[in-house]
Amino acid sequence: MYSLLVTCGAGKTEVLFKGIESALSQGKRVCIATPRTDVVLELSPRLHKVFPDMEVATLYGGSEDRMKNSPLTIATTHQLLRYYRAFDTLIIDEVDAFPYSLDPALEYAANQARTEDGTTVYLSATPSKKMQREARSGRLPSVIIPARYHRKPLPVPAMEWCGNWEKRVKKSKLPGNVLYWVQKHHSANRPIFLFVPNIELLEKITAILKMQFGELVAGVHAKDRKRKEKVADFRAGKTRILVTTTILERGVTVANVQVGVLGAEDNLFTESALVQIAGRAGRSNQHPDGDVRFFHYGRTREIINAIDQIRRMNYRAEKGGFQDG
């Protein structure tokens, strides 16, 4: 059996806890699989905290738990290749994310890892067009949760023109409005995510910001060997400004974080990517709002669609009585 849970972030994992508890109490094996190691590392301590008496296996490349045979497993989707008919309930988190969304072998592995009479649950804030059609037609049973657990609206991104920012970066400068935005939130002691299109630009922009803010700035990308340590330092407050590629568009929760995208017009920043990036802000109950800025050198359809999608979710939540304002 297959089903789809569509949420807008900050709480979809918690929504699953009762179902996971029910399955475990019946002696069933449960696996939460997600495409990226960062998300596994984010979810693992939360599962340990919620199920303290249950052995939890945390599996990713190089994990020390790879020999565990636990009733509750959190794993990258690549780790599913190791299993055959092992899990009664298989939850695929961020089903639309790379690499799962583009690798048929991983979908096959997921089907093989679940027992024949088991259940697969897909989770996503930005399901593919195909999944949306299947959900609308009723072929894929689905539930939509348009609001966050704290019942506050999703932060709506603001579009802000910043001129030919790449030309300025080549001269070791940032657009004035981008630098002002960073300085404003840094002065208020708020952590900052700054998303950029590629590694080359990331390294240059990180160097520019370090000239002003020193060791409080770090850059992180998929090929960074110190990626885990840098994300951990950001969560702990040792780093206050984290320049990143889309590798951190999903699954990372930092309280009171402010989110900027420099070069939001780049082809890398699709509608779904921008929605996910915007979803980094306002995730905690103590800080349910946040400043999200799409700095651009020309508005794109992807930018406009992403903002429209967030507004539609807020409208749906308000009309459904799921928001307190």
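A residue counts as buried when its relative accessible area is under 20%, as exposed when it is over 50%, and as partly exposed in between. The exercises below apply to a predicted model.

**Exercise 1.** Trace the network of salt bridges that links E160, K184, D291 and R293.

Solution. 
- Step 1: E160 pairs with R293, with the closest N and O atoms 2.5 Å apart. E160 lies in strand 8 and R293 in strand 13, so this pair ties together parts 133 residues apart in sequence.
- Step 2: R293 also forms a salt bridge with D291, at 2.8 Å between the closest N and O atoms. Both R293 and D291 are buried.
- Step 3: D291 meets K184 in a salt bridge of 3.8 Å, N to O. K184 belongs to helix 6 and D291 to the loop between helix 9 and strand 13, so parts 107 residues apart in sequence are tied together.

**Exercise 2.** Find the edge strands of the open sheet and describe the helices packed on it.

Solution. 
- Step 1: The order of the 6 strands is 8-13-12-9-11-10, with parallel pairing.
- Step 2: Strand 8 and strand 10 each have a single partner strand, so they stand at the edges.
- Step 3: Helix 7 lies across strands 9, 10, 11 and 12, at about 170° to strand 10. Helix 8 touches strands 9, 10 and 11, and its direction makes about 140° with that of strand 10.

Conventions. Residues numbered from 1 in each chain as written. Predicted model: local features only at pLDDT ≥ 70, side-chain atom pairs only at ≥ 80, totals over all residues. Heavy atoms only, no water. Pairing = 2+ DSSP bridges. Helix = DSSP H or I, 4+ residues; strand = E, 2+ residues; numbered from the N terminus. Contact = heavy atoms within 4.5 Å. Axes fitted to C-alpha atoms, helices over the stretch in contact; angles between N-to-C directions. Salt bridge = Lys/Arg side-chain N within 4 Å of Asp/Glu carboxyl O. Buried < 20%, exposed > 50% of the residue type's maximum accessible area, 1.4 Å probe, protein only.
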